[in-house]
Amino acid sequence: MEAAEVKSAVRYGTHNRMRAAVVTAYGPPEVVRITDVPIPRIGDHDVLVRVAATTVSAADWRIRAHAMPRGFGLLSRLALGITRPRQPVLGTELSGTVVAVGRSVTRFRLNDAVIGFPGARLGAHAEYRAMRETGAIVLKPAGLGWHEAAALPFGGTTALHFLRDKGAIRSGQRVLVIGASGAVGSAAVQLARHFGATVTAVTSGANIDLARRIGAEHVIDYTAEDITRHGAKYDLVLDAVGAETFTRAKTVLAPDGRFLMVAADLPQMLGGLASLPFRQNAISSIAPERAHDLELLAGLAARGAWRPVIDQVYPLDRIVAAHRRVESRRKRGSVVVVLGPEAGGPA
Ligand SMILES: NC(=O)c1ccc[n+]([C@@H]2O[C@H](COP(=O)([O-])OP(=O)(O)OC[C@H]3O[C@@H](n4cnc5c(N)ncnc54)[C@H](OP(=O)(O)O)[C@@H]3O)[C@@H](O)[C@H]2O)c1
């Protein structure tokens, strides 16, 4: 007997298909189509999550359009698929309800509300997503809404990884966050504040209020001012959008400051490696997808120490518009897509 049939609210026999957003070729937002695909089967150690909400993240846009940072074109085709994504259902993060559990699952039960981070494995732009119980999946705190819960993993874990693991952030430090209004940047502003840093945010004029609301003490409007002309020095400069070079960042870094490159291209990454022996250095990395980071972030969000910023909410039927919004590179925080009734989607 299939493990999924042991404890399951999903009737595989009669209701075995689900709606999903599928990408069959790299291209503009219009290549995304809603279609029926099989509901994933689960193994002994898996849970099946009915997706309440997900996001179209910067990663989804990059994969769908094959818009990779300079120098990564060939490598990413080898990794993701030559002419189309090998995994046609995108979607890196989700909130939802456990509707089936494999026979060996101990951490989750039917009807648990969860936050999941399939990350690079994708597959969240669908009504159901199977996840390994030991993977990046945690219980959703009751005080955190479905939309915010879905928008927590991508920006939150990236900001946490760069500030804590790569920046070794400490209380009292001065942190400059470039791209403070994006999913990663808005999480970085709030988490840096949580770690006791003084935060200066770099945004366009339209996002100054948002940056202040989420805790930035100072804001630089990059359309009117140049960060290098401000005279201030920072212990950490986190560039969430790949807007600055290390050469320019060095002029605003403290003598042992670090430039944290969230969206580095290949030349920047190599330059960063060459800088490692020096006191001022530039660091790039890929943020990992880990349950204990999600746990920490969910706990902090439940206590109000930070909250994922939501840009707009779209139904699955309008996911093409959601992709357009993300590709504009003007989104504030995360673009959410709702699928399940919990989050306001169809029953
Ligand atoms: N290394 C990793 O592991 C990792 C993990 C996750 C994401 N990423 C990368 O991180 C990047 C950020 O993703 P995201 O979802 O946070 O945001 P995003 O969609 O790339 O950024 C949107 C925001 O960036 C702001 N922005 C654009 N140009 C700017 C500039 N020159 N200076 C300051 N702000 C600017 C926009 O605000 P304005 O309208 O005010 O300009 C907008 O609010 C992506 O490139 C993604 O691929 C890397």
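1. Val47 stands opposite Met131 in E7. The two belong to a pairing in which strand E4 (residues 46-56) and E7 run antiparallel over five bridges. Strands here are DSSP runs of E with at least two residues, helices are runs of H or I with at least four, and both are numbered from the N terminus; two strands pair if DSSP finds at least two bridges between them. E7 is mostly covered, with four of its five residues buried. Buried means that 20 or more other C-beta atoms lie within 10 Å of the residue's own, exposed means 12 or fewer, and partly exposed is in between, with C-beta atoms placed from the backbone.

2. A word on what you're looking at. This is a predicted model, in which local features need pLDDT of at least 70 and side-chain atom pairs count only at pLDDT 80 or more, while totals for chains, interfaces and linings use all residues. Residues are numbered from 1 along each chain as its sequence is written.

3. Two backbone spots to check. Leu122 has a positive phi near 60 degrees despite being a residue other than glycine, and it sits in the loop between strand E6 (113-116) and strand E7 (128-132). Leu122 counts as buried because it has 22 C-beta neighbours inside 10 Å. Ala168, also not a glycine, has a positive phi of about 45 degrees; its place is the loop between H4 and strand E9 (174-178). Ala168 counts as exposed because it has 11 C-beta neighbours inside 10 Å.

4. Now the six-stranded sheet. It is open, pairs in parallel and has the order E11-E10-E9-E12-E13-E14. Strand E11 (218-221) and E14 are the edges, each pairing on one side only. On average, neighbouring strands are turned by 20 degrees against each other, direction ignored; axes are lines fitted to C-alpha atoms (for helices, over the stretch in contact), and angles run from 0 to 180 degrees between N-to-C directions.

5. E9 and E10 run parallel, joined by five bridges, and Ile178 stands opposite Val202 in E10. H5 lies across E9, E10 and strand E12 (234-239), at about 170 degrees to E9. At the E14 end, four bridges join strand E13 (residues 253-261) to E14 in parallel, with Leu260 opposite Ile283. Both faces of E14 are covered: Asn281 and Ile283 are buried on one side, Ala282 and Ser284 on the other.

6. Domains next. The assignment, automatic or from a database, gives domain 1 (3-152 + 308-343) and domain 2 (155-284). Their C-alpha centres lie 29 Å apart.

7. Finally, the ligand. It is surrounded by 32 residues, and the closest are Ser181, Gly182, Val184, Ser204 and Ala263; near means a C-beta atom, placed from the backbone, within 6 Å of the molecule. Helix H1 (58-65), helix H4 (153-166), helix H5 (183-194) and strand E10 (198-203) each give two or more residues to this shell. Domain 1 and domain 2 each supply at least three residues to the shell. By class, it has 16 nonpolar, 11 polar and five charged residues, counting Ala, Val, Leu, Ile, Met, Phe, Trp, Tyr, Cys and Pro as nonpolar, Asp, Glu, Lys and Arg as charged, and the others, Gly among them, as polar.

Methods: Contact = placed C-beta atoms within 7 Å.
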